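My notes follow in the order of looking.

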Amino acid sequence: MPIKQSAIRDLRLSRKHAAANLKVREHLRFLLRRCRQQCTAGDVAKAKAAVAVAVSAFDRAARAGVVKAGHAARHKSRLMLRVNKLGR
């Protein structure tokens with residue numbers, strides 16, 4: 001455990017940010033799961049709507065630094081490939 005007061009404050013802030021980031025990552029996993037469910041169900045309109053929400057959430061998370069840009073891009077690309085396969 002830290003000894004100095006500034007290190008104690010930094011640890012407290014780090015834990016607070018980690019908890020907030022965890023909630024965002026959990027929400028992203030939920031959105032991915034929902035997109036996959038919509039795609040397997042075969043409803044193109046619902047799948048496209050779910051993917052739009054997920055892509056927006058990934059963009060926001062990447063901009064905030066919660067996930068890396070490449071991580072967000074990879075998941076967005078895979079979701080778009082899945083939805084585009086449905087449309088054919």
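I started with Q38, which sits in helix α1. Helices here are DSSP runs of H or I of at least four residues, numbered from the N terminus. I listed the contacts of Q38, leaving aside neighbours within four places in sequence, and found D43, K46, A47 and A50. Contact means heavy atoms within 4.5 Å. I also took the C-alpha separation of Q38 and V51, which is 9.2 Å for two residues 13 places apart along the chain.

A note on the source: this is a predicted model, in which local features need pLDDT of at least 70 and side-chain atom pairs count only at pLDDT 80 or more, while totals for chains, interfaces and linings use all residues. Residues are numbered from 1 along each chain as its sequence is written, and side-chain values use heavy atoms, with hydrogens and water left out.

Next I went to L28, also placed in helix α1. Is L28 buried or exposed? L28 counts as buried because its relative accessibility is 4%. The cut-offs are under 20% relative accessible area for buried, over 50% for exposed, and partly exposed in between, with a 1.4 Å probe and protein chains only. Neighbours within four places in sequence aside, L28 is in contact with A57, F58, A61 and V67.

I then checked A62, found in helix α2. A62 touches V67, K68, A69 and A72, not counting residues up to four places away in sequence. A62 and H27 are 35 residues apart in sequence and 13 Å apart in space, C-alpha to C-alpha.

H75 was the next entry, in helix α3. H75 counts as buried because its relative accessibility is 15%. Residues up to four places away in sequence not counted, H75 touches L32 and F58.

I turned to charge pairs. Side chains of opposite charge can pair when their charged atoms come close. How many salt bridges does a search of the whole structure find? The search finds one. The criterion is a side-chain nitrogen of Lys or Arg within 4 Å of a carboxyl oxygen of Asp or Glu. The salt bridge is formed by K76 and D59, with the closest N and O atoms 2.5 Å apart. This pair links distant parts of the chain, with K76 in helix α3 and D59 in helix α2 (residues 44–64), 17 residues apart. I noted both partners as partly exposed: K76 because of its 22% relative accessibility, and D59 because of its 30%.

Last, I looked for charge on the surface. R25, R29, R33, R36, R82, K85 and R88 gather in a patch of positive charge. The elements giving two or more residues to this patch are α1 (5–41) and α3 (69–87). α1 gives the most, with four residues. Patch members have over 30% relative accessible area and no salt bridge, and like charges are joined within 9 Å. Lys and Arg count as positive, while His and the chain ends are not counted. I checked one member, K85, which lies in helix α3. K85 counts as exposed because its relative accessible area is 63%.

Note on methods: Patches are made of residues with over 30% relative accessible area and no salt bridge: like charges are joined within 9 Å, nonpolar side chains (Val, Leu, Ile, Met, Phe, Trp, Tyr) within 5 Å. Accessible areas come from the Shrake-Rupley method with a 1.4 Å probe; for residues, only the protein chains shown count as cover. The place of a charge is taken as NZ of Lys, CZ of Arg, CG of Asp or CD of Glu.
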